[in-house]
Amino acid sequence: MLSNESLHSPAFNRSNSQASIDSTSMEDFLREIESIKESSMRAQEEQIPAEVKPVDEGELEAEWLQDVGLSTLISGNEEEDGKALLSTLTRTQAAAVKKRYNTYTQTMRKKNKQSVRDVRDIFGVSESPPGDTCDNHTAQLDGPQEEKELPGVMKTSDSLPDDASLNSIALSDGSPDEEGSFTVPRSGSVSILETIPALPVHSNGSPDPGQSVQNAVSDDVYLEKNIPPETEELSFEVSYSEMVTEIPKRNKFKKSEFKKEDFALTKFIVQKTRFGLTEAGDLSSEDMKKIRHLSLIELTAFFDAFGIQLKRNKTERVKGRDTGIFGVPLTVLLDNDRKKDPGVKVPLVLQKFFEKVEESGLESEGIFRLSGCTAKVKQYREELDAKFNSDKFKWDRMCHREAAVMLKAFFRELPTSLFPVEYIPAFITLMERGPPIKVQFQALHLMVMALPDANRDTAQALMTFFNKVIANESKNRMSVWNISTVMAPNLFFSRSKHSDYEELQLANTAAHIIRLMLKYQKILWKVPSFLIMQVRRMNEATMLLKKQLPSVRKLLRRKTIEREVISPKTSKVLQKSPSSRRMSDVPEGVIRVHAPLLSKVSMAIQLNSHTKAKDILAKFQYENSYGSSECIKIQNQRLYEIGGNIGQHCLDPDAYILDVYHVNPQAEWVIKPQPSF
């Protein structure tokens with residue numbers, strides 16, 4: 001990390017987009033670095049560095065393609081998910097994929113490792129004139145150049161209008177067709193889905209809005225009807241990378257001066273459409289996996305629009321421990337915790353650290369700046385490693401200050417940092433250009449959506465906890481600025497060697513990112529609507545691919561027969577499931593809602609343009625409540641959209657159900673408890 005000479009490195013002035021650390025915060029930062037150095041020797045002895053092999057650019061791009069769910073482009077296997085993903089990409093997303101695939105194929109050809117498909121076999125692009133490379137295409141995204149069409153890519157650069165159905169996706173048969181379809185590549189290449197029919201769009205790439213915004217979500221107040229003039233609207237309906245490409249090149253960002261005060265950050269009001277807003281935890285794990293893939297592609301395209309490479313240089317990785325608490329990967333900790341609590345999303349030991357600080361430390365001055373008793377901390381660490389999983393550790397002996405010290409050590413000793421430090425160079429380059437806070441938020445939002453589930457859920461719980469600490473700033477002297485400065489080296493750490501100046505850059509940028517997370521805690525975990533719409537398209541495309549391929553149909557039929565032989569009771573239940581009913585059994589505009597914990601029978605509900613999810617919940621409460629206990633029970637219930645073109649979707653209480661019904665008419669509707677975080 002940083003050495004003492006870092007004090008003499010050229011200081012960042014406040015005209016830069018990252019918030020510079022002032023002298024007081026720098027002292028906190030250097031004190032934290034010294035504390036990290038003191039505790040790092042033992043950690044280095046326990047942690048085993050994984051083998052580090054030199055990698056070239058082609059291997060990095062191959063890893064990127066795998067991470068975004070496009071391993072089919074490398075393996076050549078006929079994978080429905082990969083084809084479906086390609087069919088949903090926006091123009092900028094497709095350009096980002098094409099660019100990385102070009103780099104990969106060129107590197108592989110030079111090595112003569114294997115024969116690889118040309119990028120034109122994947123995207124079906126006609127022969128380009130010399131010099132017209134994907135890099136040139138990406139560089140032209142900001143300008144008024146004519147848009148190039150890529151087969152399998154949405155011509156509408158983001159989500160459908162509120163009243164549009166997704167059922168218009170069709171597979172291309174390889175023959176010339178009406179406008180909006182593409183020819184399937186010849187044998188040996190990946191067949192691509194036909195594009196979604198073009199929709200009327202504005203010049204910024206967003207669909208023509210069919211409905212007005214009903215409500216807004218603020219980073220400070222969840223629902224806010226009156227938008228003050230000093231706030232700014234934030235839309236989740238349009239692809240962020242498509243938004244930034246509409247900014248003319250001549251309109252360069254003015255480098256804004258960032259101040260220490262919290263009010264210097266813009267207050268955002270999120271447009272709330274008729275579909276409502278969706279938390280990351282409101283979607284099924286399979287759909288969130290697709291959200292992660294799309295988010296990484298979108299984040300890459302977002303930086304491409306600024307001419308910034310999202311390079312993920314290989315960093316030294318440490319093999320985590322399999323037992324204990326410290327130095328154990330989050331996923332391993334959660335696997336152990338789920339043996340006690342199947343629904344847990346945040347490591348139980350971390351939750352206990354939160355509780356200890358909240359019990360008596362929220363008003364303790366300098367709670368995260370002080371180091372605590374070294375001997376006790378060492379003793380408790382050893383006991384936690386040995387006794388926590390067997391529930392034998394005595395928590396009543398630990399004070400809040402020692403819990404705070406161990407909380408920092410917990411994150412610092414993870415095999416990989418909670419947040420991807422390899423993306424920091426791209427953020428540094430972006431912020432040096434002084435973009436508006438809105439642009440910075442969009443980049444951060446995509447990074448959060450691309451995090452693994454364990455990292456994202458843990459980060460959300462951590463930021464919620466830190467905001468409780470900050471709420472007591474008048475007594476504990478821990479402001480947003482102090483928390484972000486002290487925690488930056490613990491949440492963004494790199495084991496690679498850097499110069500002191502590079503370390504200072506990393507620290508400044510990491511602290512600013514944490515500051516943004518704390519400020520926009522209430523909206524950062526909302527899933528952008530344009531990504532959810534792309535997931536719906538992916539699911540429908542996958543279903544259509546499976547219906548078209550005879551081999552897949554035979555496989556599914558055989559699997560069904562096997563299930564019936566193994567579990568006839570389950571088969572009978574499935575045959576009676578509402579999902580297997582014919583669509584004609586229920587009239588148009590009517591849904592049948594099931595609430596197993598509230599009623600033994602389902603309820604048919606006629607929808608109109610004003611029916612919201614909370615209205616359906618209220619109807620069940622009225623029909624099925626006979627006492628105060630029932631009223632309390634319904635408050636913990638939520639309406640879920642299950643099946644069709646979504647895995648599972650916990651609906652916003654203010655979502656208009658008729659609009660959701662039109663987008664996903666094959667869904668089941670179930671009222672059930674919402675899992676606690």
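**Entry 1**

I began with E363, which comes out as partly exposed at a relative accessible area of 47%; I use buried for under 20% relative accessible area, exposed for over 50% and partly exposed for what lies in between, with a 1.4 Å probe and protein chains only. This is a predicted model, in which local features need pLDDT of at least 70 and side-chain atom pairs count only at pLDDT 80 or more, while totals for chains, interfaces and linings use all residues. I number residues from 1 along each chain as its sequence is written, and the side-chain values use heavy atoms, with hydrogens and water left out.

Which residue does E363 meet in a salt bridge? I found its side chain paired with that of K475, at 3.4 Å from N to O, where a salt bridge is a side-chain nitrogen of Lys or Arg within 4 Å of a carboxyl oxygen of Asp or Glu. K475 sits in helix α17 (residues 473-476) and E363 in the loop between α11 and α12, so this pair ties together parts that are 112 residues apart in sequence. K475 is also partly exposed, with a relative accessible area of 47%. For helices I take DSSP runs of H or I with at least four residues, and for strands runs of E with at least two, numbered from the N terminus.

**Entry 1: other salt bridges**

I searched the whole structure and found 21 salt bridges. One of them joins the side chains of D391 and K340 at 3.1 Å, N to O. Because D391 lies in the loop between α12 (374-387) and α13 (400-412), and K340 in the loop between α10 (330-337) and α11 (348-360), the pair links parts that are 51 residues apart in sequence. D391 is exposed at 59%, whereas K340 is partly exposed at 35%.

I then looked at D453 and R456, whose side chains form a salt bridge at 3.0 Å, N to O. Both belong to helix α16 (residues 453-470), three residues apart, so about one helical turn separates them. Is R456 buried or exposed? I read a relative accessibility of 2%, which counts as buried, while D453 is partly exposed at 25%. I also noted a network of salt bridges that links K272, K612, K614, D652 and D654.

Most residues other than glycine have a negative phi.

**Entry 2: S235**

I located S235 in the loop between β3 (231-234) and α8 (240-245), where it is buried at 13% relative accessibility. Which backbone atom does the side chain of S235 reach? It comes to 3.1 Å from the backbone nitrogen of E237. Setting aside neighbours within four places in sequence, I found S235 in contact, meaning heavy atoms within 4.5 Å, with Y240, M243 and Q271.

**Entry 3: helix α21**

I followed helix α21 (residues 529-548) through its 20 residues and found 29 Å from its first C-alpha to its last, close to the 28 Å expected at 1.5 Å a residue; the expected span is 1.5 Å times one less than the number of residues. The helix is mostly covered, with 15 of its 20 residues buried.

**Entry 4: cores and the whole protein**

The largest nonpolar core has 127 residues, and F353, L384 and L407 touch the most other members; such a core is a set of buried Ala, Val, Leu, Ile, Met, Phe, Trp, Tyr and Cys residues joined through side-chain atoms within 4.5 Å. Leaving aside neighbours within four places in sequence, I listed the contacts of L384, which include I325, F326, V349, F353, F393 and W395. Apart from this core lies another of 22 residues, among them L617, F620, L651 and I657.

For the protein as a whole I recorded 26 helices and ten strands, and buried residues make up 53% of its 677 residues. Of the contacts with a separation of 6 or more, 80% are between residues 24 or more positions apart.

Key
A polar contact is a pair of N or O atoms within 3.5 Å; within protein, one must be able to donate a hydrogen and the other to accept it, and residues adjacent in sequence count only if both atoms are side-chain atoms.
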